[in-house]
Amino acid sequence: MSIGWIVGSSLATAVLLMGIIGLILGRRKGNIVRWPWWFIGFGAAALVSAAINYPGT
């Protein structure tokens, strides 16, 4: 069991969800915000990296 993979994928999922929530709230308020796109990009890249480095593959 690889604790690093579990923590990394959990953190990536949390960052991805923060970006999505920030994007939804920013659109609802009518503001154009850029930081949620950075969070979404980082979270997606981290999830891809976690999938590539999954133990046993």
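This text walks through a predicted model of a single chain, from its overall form to two of its residues. Local features are taken at pLDDT of at least 70 and side-chain atom pairs only at pLDDT 80 or more, while totals for chains, interfaces and linings use all residues. Numbering starts from 1 along each chain as its sequence is written, and side-chain values rest on heavy atoms, with hydrogens and water left out.

The chain holds two helices and zero strands, where helices are DSSP runs of H or I with at least four residues, strands are runs of E with at least two, and both are numbered from the N terminus. Its radius of gyration is 14 Å, well over the 10 Å that the globule rule gives for 57 residues, so the chain is more spread out than a compact globule. That radius is taken over C-alpha atoms, and the rule is 2.2 Å times the number of residues to the power 0.38. Along the principal axes, the C-alpha atoms fill a box of roughly 45 × 15 × 10 Å.

Of the 57 residues, 21% count as buried; buried means under 20% relative accessible area, exposed over 50%, and partly exposed in between, with a 1.4 Å probe and protein chains only. The accessible surface comes to about 4,400 Å², and carbon and sulfur atoms make up 72% of that surface. Areas are from the Shrake-Rupley method with a 1.4 Å probe, and for residues only the protein chains shown count as cover.

Helix α1 covers residues 3–29 and helix α2 residues 35–52; their axes come within 8 Å and cross at roughly 155 degrees. Axes are lines fitted to C-alpha atoms, for helices over the stretch in contact, with angles from 0 to 180 degrees between N-to-C directions. The two helices are therefore roughly antiparallel, a label for angles over 145 degrees. Contacts, meaning heavy atoms within 4.5 Å, join the pair: residues of α1 including W5, L16 and R27 meet residues of α2 including W35, F39 and A51. Among contacts with a separation of 6 or more, 56% link residues 24 or more positions apart.

W5 lies in α1 and is partly exposed, with a relative accessible area of 28%. Beyond residues up to four places away in sequence, W5 touches A50, A51, N53, Y54 and P55. W5 and S49 are 44 residues apart in sequence, yet 9.7 Å apart in space, C-alpha to C-alpha.

F39 belongs to α2 and, at 31% relative accessibility, is partly exposed. Apart from neighbours within four places in sequence, F39 contacts V15, L16, M18 and G19.

Methods
Parallel < 35°, antiparallel > 145°, perpendicular 65-115°, else oblique.
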